[in-house]
Amino acid sequence: MKAYVVGVGMTKFEKPETREWQYWDMAKEAGTNALSDAGISYAEVEHVPVGYCFQASTAGQRAAYELGLTGVPVYNVNNNCATGSTALMLARQFVEGGAGDCVLALGFEKMKRGALGGGADGGDFSTSPVARHYGVMAARHGFEMTPPTAQIFGNAAREHMERYGTTEAQLAAVGAKNHRHSANNPYAQFQDVYAVDEILAAKTVHRPLTKLQCSPTSDGAAAAVVVSERFVERHGLGARAVEIVAQAMTTDTEESFASGSCIDVVGQPMSREAARQVYERSGLGIEDVHVVELHDCFSVNELLTYEALGMCGPGESGKLVESGATTYGGQWVVNPSGGLISKGHPLGATGIAQVAELTWQLRGEAGARQVPHARVGLAHNIGLGGAAVVTLLRTGA
């Protein structure tokens with residue numbers, strides 16, 4: 001059975017502690033918008049997978065109850081930065097497996113200011129779920145007094161520069177592109193435009209990454225209504241339906257750790273395998289894709305993901321972004337929303353927000369950031385620890 005996205009909604013992503021709201025307020029806003037977009041009521045929803053990382057157990061119920069008290073199952077999902085896409089994947093599986101015709105995937109996060117701690121409990125990385133990952137990093141690079149997540153991705157950037165000659169300007173070009181794109185996104189946390197030189201001159205977080213190449217902590221929520229083909233037909237939603245053509249999740253394998261490279265530790269092998277599975281299942285390739293929302297938690301991860309998705313060969317990603325191939329007028333438009341770097345990164349919402357953006361793009365509803373003639377979109381969401389989810393969407397319109 002096929003699965004379709006027929007309604008999406010999200011809040012504006014906000015800097016933590018700048019808006020007076022609770023996580024259930026933002027979830028209600030995003031969920032209500034998604035249901036309204038689909039033209040249905042919450043009473044028609046049969047399952048609600050809810051993604052978040054920083055709230056207490058059963059916070060999903062607390063959030064979903066703001067939409068209605070119908071007694072439907074609510075599933076609490078936590079998969080680090082891939083939490084939102086994991087909730088969406090559960091929604092698709094419910095529909096494709098025949099467990100329900102209408103599922104609401106919901107993701108939210110209310111975060112604190114400042115850098116993420118990297119998953120350590122009280123600073124003790126031996127108890128962290130990502131202790132193996134940071135152990136590999138420390139064995140090769142040592143451990144510096146910089147934010148842990150920026151450090152492990154920054155070290156991946158150093159390796160890429162040493163191995164392939166990637167330049168700091170090419171890394172900064174990712175940030176410049178995504179900040180430029182976000183200027184047209186009213187949902188984005190930041191809408192300021194910066195030149196490459198300004199990004200290079202910004203405060204260094206962990207060399208070579210500057211502040212304007214790093215995703216911020218954010219508050220916000222996103223939601224998507226996923227339904228069956230018969231639901232689409234019964235409700236006359238064909239003109240608004242975007243098909244989930246294929247989707248795959250992968251986790252770490254021996255390849256993630258065997259090389260001792262941070263490029264592998266932060267997930268490039270997971271992303272490559274998830275993309276391979278999606279292409280195989282769909283019969284489509286990256287050459288068929290028009291618009292991409294990918295996990296640019298740091299600028300280097302966008303470059304690593306270009307290679308993992310097959311947009312270029314190993315080590316060619318710096319030249320690819322520099323060429324203009326991943327912005328308007330190029331072969332693909334990558335992160336027209338502004339990506340995590342500029343749109344923001346509330347962990348539980350990020351993966352669903354990517355699909356919301358692609359749904360608007362594929363329907364031709366993205367306003368000033370619309371990608372011309374977009375018919376196939378790809379979302380890539382990754383979480384350290386680890387999980388990579390790749391989703392391929394298509395519209396027949």
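Between which two elements does the loop that holds T58 lie? The loop runs between β2 (48-51) and α2 (59-64), and it is the subject of one of the views below. The model shown is predicted.

**View 1. The whole chain, with its 15 helices and 12 strands.** The radius of gyration is 19 Å, close to the 21 Å that the globule rule gives for 397 residues, so the chain is as compact as a globular protein of that length. Along its principal axes the C-alpha trace spans about 55 × 45 × 40 Å. Of the 397 residues, 61% are buried. The accessible surface comes to about 14300 Å², and carbon and sulfur atoms account for 50% of it. Among contacts between residues at least 6 apart in sequence, 77% join residues at least 24 apart. The chain carries 31 positive and 41 negative charges, and the mean positions of the two sets are 2 Å apart.

**View 2. Helix α5, residues 148-164.** This helix has 17 residues, which at 1.5 Å a residue should span 24 Å; the end C-alpha atoms are 24 Å apart, so the two values agree. Because 13 of the 17 residues are buried, α5 is largely enclosed by the rest of the structure. T149 belongs to this helix and, at 17% relative accessibility, counts as buried. The C-alpha atoms of T149 and C297 are 9.4 Å apart, although 148 residues separate the two in sequence. Just after the helix, G165 has a positive phi of about 80°.

**View 3. Helix α11, residues 268-282.** The 15 residues of α11 should span 21 Å at 1.5 Å a residue, and this agrees with the 21 Å between its end C-alpha atoms. Its buried residues include Q268, P269, M270, S271 and A274, and also A275, Q277, V278, Y279 and S282. Among the elements that cover them are the strands β8 (242-250), β11 (376-383) and β12 (387-394), together with the helices α9 (254-258), α10 (262-265) and α12.

**View 4. E302 in helix α12, residues 299-309.** E302 has 0% relative accessibility and therefore counts as buried. Beyond its neighbours within four places in sequence, E302 is in contact with V174, K177, N178, L294, D296, V334 and N335. V321 lies 19 residues from E302 along the chain, and their C-alpha atoms are separated by 9.4 Å.

**View 5. Two cis peptide bonds, at P208 and at G386.** The bond from R207 to P208 has omega near 10°. P208 is placed in the loop between β5 (204-206) and β6 (209-210). The bond from G385 to G386 has omega near 5°.

**View 6. Positive phi at T58 and at H373.** T58 is not a glycine, yet its phi is positive, at about 65°. The residue sits in the loop between β2 and α2 and is partly exposed, with a relative accessible area of 43%. H373, also a residue other than glycine, has phi near 60°. Its loop lies between α15 (347-363) and β11. At 67% relative accessibility, H373 counts as exposed.

Key: Residues are numbered from 1 along each chain as its sequence is written. This is a predicted model: local features need pLDDT of at least 70, side-chain atom pairs count only at pLDDT 80 or more; totals for chains, interfaces and linings use all residues. Side-chain values use heavy atoms; hydrogens and water are left out. Helices (H or I, at least four residues) and strands (E, at least two) are DSSP runs, numbered from the N terminus. The radius of gyration is taken over C-alpha atoms; the globule rule is 2.2 Å times the number of residues to the power 0.38. Buried means under 20% relative accessible area, exposed over 50%, partly exposed in between (1.4 Å probe, protein chains only). Contact means heavy atoms within 4.5 Å. Accessible areas come from the Shrake-Rupley method with a 1.4 Å probe; for residues, only the protein chains shown count as cover. Lys and Arg count as positive and Asp and Glu as negative; His and the chain ends are not counted. The place of a charge is taken as NZ of Lys, CZ of Arg, CG of Asp or CD of Glu. The expected span of a helix is 1.5 Å times one less than its number of residues.
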